[in-house]
Amino acid sequence: MQETDPKTTSRAYAFEMWMQAPMPMVTFFRTLDVTRLVRTARRKGLKFNMLMCWCIGRAASGIKEFYLLPVDGKLMRYDAIAVNTIVADRRGEVSSCDIPFTDDLRRFNDDYLRLTRQVAEACENHDLPENMVIGTSALAQYEIDGAVGMYSGVFNNPFMIWGRYRRRLLRTTLAVSFQFHHTQMDGAHAARFLDALQREIRQLRG
């Protein structure tokens, strides 16, 4: 992670326009077809949430804007991406767990299981401050149509929220929300990310 001059990046205008905005976050809503993801999870004995996080990392890793993030009034450039998940710990509370993204699904799954288990037992967050982290929150027990994340002014990271997936005859769908800082990316980048996420889900090998 290193500071970069916004003027040397494609985000120069966005940095000037949105960095000091009182509410610089934008939220998109999308319904994804997760039929392939559900089938793959069942056939291979994998966690749905893990597969979802991996697909998010895959989609984001191909979009250069995800490697930039405004932090403390500066524009930072990252070399790697991580996906965060919220873990129910042994106290009955929740802790945060960053999982480093890798194209290797088996390795990502191993890291996901190991780190979430570690966080659940220790009741301590696992943070990767050197990575550009995509936050996620899965409310898998509940049916929701969408959610707008809280902007605290502390964390500018992109964030995804989803609830329970829904079965519709031959299809299974999942409503998601994606919140992002306008300095980091424009609406077209966010829409392209969501398109890429849908492709990654459909291309999963079950």
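In what order do the three strands of the open sheet lie, and is their pairing parallel or antiparallel? In this predicted model, the order is S1-S4-S3, and the pairing is antiparallel. Strands S1 (2-4) and S3 (68-71) form the edges of the sheet, each of them pairing on one side only. From one strand to the next, the twist averages 45°.

The pairing of S1 may be followed at the level of residues. Strand S1 and strand S4 (residues 74-77) are joined in the antiparallel sense over three bridges. Within this pairing, Glu 3 has Met 76 of S4 as its bridge partner.

Two packed helices are described by the angle between their axes and the distance between the axes. For helix H3 (residues 48-61) and helix H4 (residues 105-122), the axes come within 10 Å and cross at roughly 125°. The crossing in which H3 passes H4 is right-handed.

Which residues make this contact? On the side of H3 they are Asn 49, Met 50, Leu 51, Cys 53 and Trp 54, while H4 supplies Leu 105, Phe 108, Asn 109 and Tyr 112. Sorted by class, the contact of H3 with H4 comprises seven nonpolar residues and two polar residues, with no charged residues.

Definitions and conventions
Residues numbered from 1 in each chain as written. Predicted model: local features only at pLDDT ≥ 70, side-chain atom pairs only at ≥ 80, totals over all residues. Heavy atoms only, no water. Axes fitted to C-alpha atoms, helices over the stretch in contact; angles between N-to-C directions. Helix = DSSP H or I, 4+ residues; strand = E, 2+ residues; numbered from the N terminus. Left-handed = near helix turned anticlockwise from the far one by under 90°. Contact = heavy atoms within 4.5 Å. Nonpolar A, V, L, I, M, F, W, Y, C, P; charged D, E, K, R; others polar. Pairing = 2+ DSSP bridges.
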